[in-house]
Amino acid sequence: MAACAIRRGLLSTASKYNQHKCTHRILSALDFSSGLDQKKPQPLCSACGLSSFQQKRFMSSRNRPEGKILEPVGIFEALKQHGKYETGQLFLHSVFGYRGIVLFPWHARLYDRDVSPAVADSKPDSVGHGSKEVKGKMHTYYQVLIDTRDCPHISQRSQTEAVTFLANHDDSRALYAIPGLDYVSHEDILPYNSTEQVPIQHELFERFLMFNPSRNPPFTARDTLRAWQEKNHPWLELSDVHRETTENIRVTVIPFYMGMREAQNSHVYWWRYCIRLENLGNEVVQLRERHWRIFSLSGTLETVRGRGVVGKEPVLSREQPAFQYSSHVSLQAPSGHMWGTFCFERTDGSHFDVRIPPFSLESNKYDKAPPTGYPL
């Protein structure tokens with residue numbers, strides 16, 4: 001059974017925990033894909049109905065050919081219905097199942113083309129795409145560290161090098177990546193606590209965070225994290241998120257401006273964009289093609305067609321309903337737009353197009369120093 005199938009059980013458990021304040025161990029999603037016993041578990045707690053899947057699944061997975069064993073990682077905490085999670089909060093990702101820790105929160109404008117609010121939010125931003133005006137609503141996102149032990153198990157569902165920078169030299173196409181960083185939405189987080197002083201394995205964990213048992217959460221930011229965030233804020237900044245659903249396939253796009261380089265006596269502006277594909281229905285579908293339209297303020301309109309995305313043609317099913325990836329685009333102008341479609345194939349061989357919500361590519365209007373590397 002895949003990680004995302006177990007996710008629904010974890011979400012249910014977290015919701016019941018909020019109501020009854022029960023305390024239960026949770027298991028790492030690291031090995032949720034290792035063919036677990038699917039017998040219906042018997043409830044242990046009459047208050048919240050938490051099932052005994054821990055013991056059953058632990059015993060059944062020990063003897064699998066893969067030799068994988070579920071590991072207890074901590075105790076669920078109440079989901080935050082209001083407010084935000086703080087730096088140092090441990091969590092399981094509710095979609096991809098990895099262990100992570102919050103570095104810092106962002107406030108982004110979410111343009112959801114599936115929602116038409118009856119009452120405008122306070123000082124909303126509007127984006128008109130075609131004949132439809134979309135209201136931007138403020139929403140909380142987080143930059144997080146991913147536990148490297150989980151990266152191999154989510155590699156088919158999510159790229160784990162979500163943050164890239166332009167290299168600080170003359171080659172305008174050179175990029176470097178910081179692996180194991182991700183941006184997650186508030187609803188992606190299943191918070192938990194742990195007694196371990198180093199609960200997340202990542203080369204930046206102890207450089208960015210320190211254990212402080214007097215605080216809650218007990219991990220606080222080091223000066224190196226504060227300095228790194230301050231210096232790289234323009235290149236890390238998450239400001240706009242775009243979302244649209246077609247035939248139960250939801251596409252979420254997050255663009256990031258990466259900076260400008262000079263090449264052949266002209267300026268080249270770079271952006272990265274992160275895309276998540278989610279199957280909200282029951283039908284198994286597979287992404288076959290992408291079709292992009294890229295408009296530059298210089299007046300050019302480029303069309304890009306190709307098989308799959310980042311060399312893959314992911315299958316979205318109930319067991320693995322989501323896929324996430326990042327890519328890059330460059331323009332010879334300080335702004336532009338992108339939009340397009342993904343072509344999906346059903347199990348009966350029929351095809352349908354899924355809209356990619358239009359999004360702006362905007363450069364910052366003031367000069368900044370190039371991004372700096374992380375502390376060594």
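This report walks through salt bridges, one aspartate and a set of paired strands in a predicted model.

## Ground rules

The model is predicted, so local features need pLDDT of at least 70 and side-chain atom pairs count only at pLDDT 80 or more, while totals for chains, interfaces and linings use all residues. Residues are numbered from 1 along each chain as its sequence is written, and side-chain values use heavy atoms, with hydrogens and water left out.

Helices and strands are DSSP runs, numbered from the N terminus: at least four residues of H or I for a helix, at least two of E for a strand. Buried means under 20% relative accessible area, exposed means over 50%, and partly exposed is in between (1.4 Å probe, protein chains only).

## Salt bridges across the chain

A salt bridge here is a side-chain nitrogen of Lys or Arg within 4 Å of a carboxyl oxygen of Asp or Glu. The count is 17. One of them joins Arg276 to Asp188, with the closest N and O atoms 2.8 Å apart. Arg276 sits in strand β15 (residues 266-279), and Asp188 in the loop between β9 (181-185) and β10 (189-193), so the pair ties together parts that are 88 residues apart in sequence. Arg276 and Asp188 are buried.

Another salt bridge pairs Arg250 with Glu278, at 3.3 Å between the closest N and O atoms. It links distant parts of the chain: Arg250 belongs to strand β14 (residues 249-263) and Glu278 to strand β15, 28 residues apart. Glu278 counts as buried, at 10% relative accessibility.

## A pair in a loop, and a network

Glu313 and Arg288 also meet through their side chains in a salt bridge, 2.6 Å from N to O. Glu313 is in the loop between β17 (301-307) and β18 (315-316), while Arg288 is in strand β16 (residues 285-296); the two are 25 residues apart. Glu313 is partly exposed, with a relative accessible area of 24%.

Elsewhere, salt bridges link Arg99, Asp147, Arg149 and Asp150 in a network.

Where is Asp112 found? It belongs to strand β4 (residues 99-112). Asp112 is buried, with a relative accessible area of 11%. Its contacts (heavy atoms within 4.5 Å) are Val134, Lys135 and Arg243, leaving aside residues up to four places away in sequence. Asp112 and Val241 lie 129 residues apart in sequence, yet 8.2 Å apart in space, C-alpha to C-alpha.

Two strands pair if DSSP finds at least two bridges between them. Strand β13 (residues 240-246) runs antiparallel to β14, joined by 5 bridges. Arg243 stands opposite Thr252 in β14. The hairpin of β13 and β14 has 2 residues between the strands, and Glu247 takes a positive phi near 50° there.

β14 is mostly covered, with 12 of its 15 residues buried. 14 bridges join β14 to β15, and these strands run antiparallel. Val253 has Ile275 in β15 as its bridge partner. The hairpin of β14 and β15 has 2 residues between its strands, and Gln264 in the turn has a positive phi of about 50°.
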